[in-house]
Amino acid sequence: MKSLPILEAIFVLCLFGAVAYPLHVLTGSAPAQAEESGVDVPDRALVEGFVTLRFAHPPQSVRLLDNDERVVFEAEITEGETRWDDAVQLVVEKSGASDVRIEAQWDAGFPETAVEVRMEPDGAETFVKTLWATGALDAWLSIPIHE
């Protein structure tokens, strides 16, 4: 009997489809089904931590805010004090980082001054950053926290 190449090609394509379709169903559509099933994946989490702020010159005011402009830390200023320590709650985004805004204000005429920010989130590496400012400081810090 004579072989027909077109029938052989159709047979091979059918075998490929019989294997490929179940693999596609098992692997390709799993994330879409999880979203449709009503499973709520949290966008954010709260992590306890500890913050230390050190200044070369004492500021008039200092505070830390999160993405929602919620005050995470606000220091009571006393004469000559250049270091503050406090426990904080950091909001961790899906990306695994916590974005924090630091604001500080000095009297007019102060020279350029250094600010050291030290964050110690529970279960994560210590984050240390030195910032420089003249008169006022308004900076965003992205603190890596991998849960």
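Mentor: Helices here are DSSP runs of H or I with at least four residues, numbered from the N terminus. On that basis, helix α1 covers residues 5–27, and I10 lies in it. Bear in mind that this is a predicted model.

Trainee: Is I10 buried, exposed or partly exposed?

Mentor: I10 counts as partly exposed, because its relative accessibility is 45%. I10 also belongs to a nonpolar surface patch of about 410 Å², along with L4, I6 and L7.

Trainee: What is the mean pLDDT of the protein?

Mentor: The mean is 81, and 88% of the residues reach 70 or more.

Trainee: Which element has the lowest mean pLDDT?

Mentor: Helix α2, residues 30–36, at 45. Strand β7, residues 127–133, has the highest, at 92. Over residues 30–41 the pLDDT is below 50, and that stretch has 2 contacts in the model beyond near neighbours in sequence.

Trainee: New topic. How many aromatic pairs does the structure hold?

Mentor: There are 2. In one, the ring centres of F55 and W84 are 5.3 Å apart. Their planes are at 75 degrees, so that pair is edge-to-face. F55 is in strand β1 and W84 in strand β4, so the pair ties together parts 29 residues apart in sequence.

Trainee: And how far apart are the ring centres of F55 and W106?

Mentor: 6.0 Å, with the planes at 65 degrees, so this pair is edge-to-face. W106 sits in the loop between β5 and β6, so here the parts tied together are 51 residues apart in sequence.

Trainee: Which residues form the aromatic cluster?

Mentor: F55, W84 and W106 form one cluster. F55 is buried at 6% relative accessible area, W84 is buried at 7%, and W106 is buried at 3%.

Technical notes:
Residues are numbered from 1 along each chain as its sequence is written. This is a predicted model: local features need pLDDT of at least 70, side-chain atom pairs count only at pLDDT 80 or more; totals for chains, interfaces and linings use all residues. Side-chain values use heavy atoms; hydrogens and water are left out. Patches are made of residues with over 30% relative accessible area and no salt bridge: like charges are joined within 9 Å, nonpolar side chains (Val, Leu, Ile, Met, Phe, Trp, Tyr) within 5 Å. Accessible areas come from the Shrake-Rupley method with a 1.4 Å probe; for residues, only the protein chains shown count as cover. A salt bridge is a side-chain nitrogen of Lys or Arg within 4 Å of a carboxyl oxygen of Asp or Glu. Helices (H or I, at least four residues) and strands (E, at least two) are DSSP runs, numbered from the N terminus. Buried means under 20% relative accessible area, exposed over 50%, partly exposed in between (1.4 Å probe, protein chains only). pLDDT is the predictor's confidence in each residue, from 0 to 100. Contact means heavy atoms within 4.5 Å. Rings of Phe, Tyr and Trp (its six-membered ring) pair if their centres lie within 6.5 Å; planes under 30 degrees apart count as stacked, over 60 as edge-to-face and the rest as tilted.
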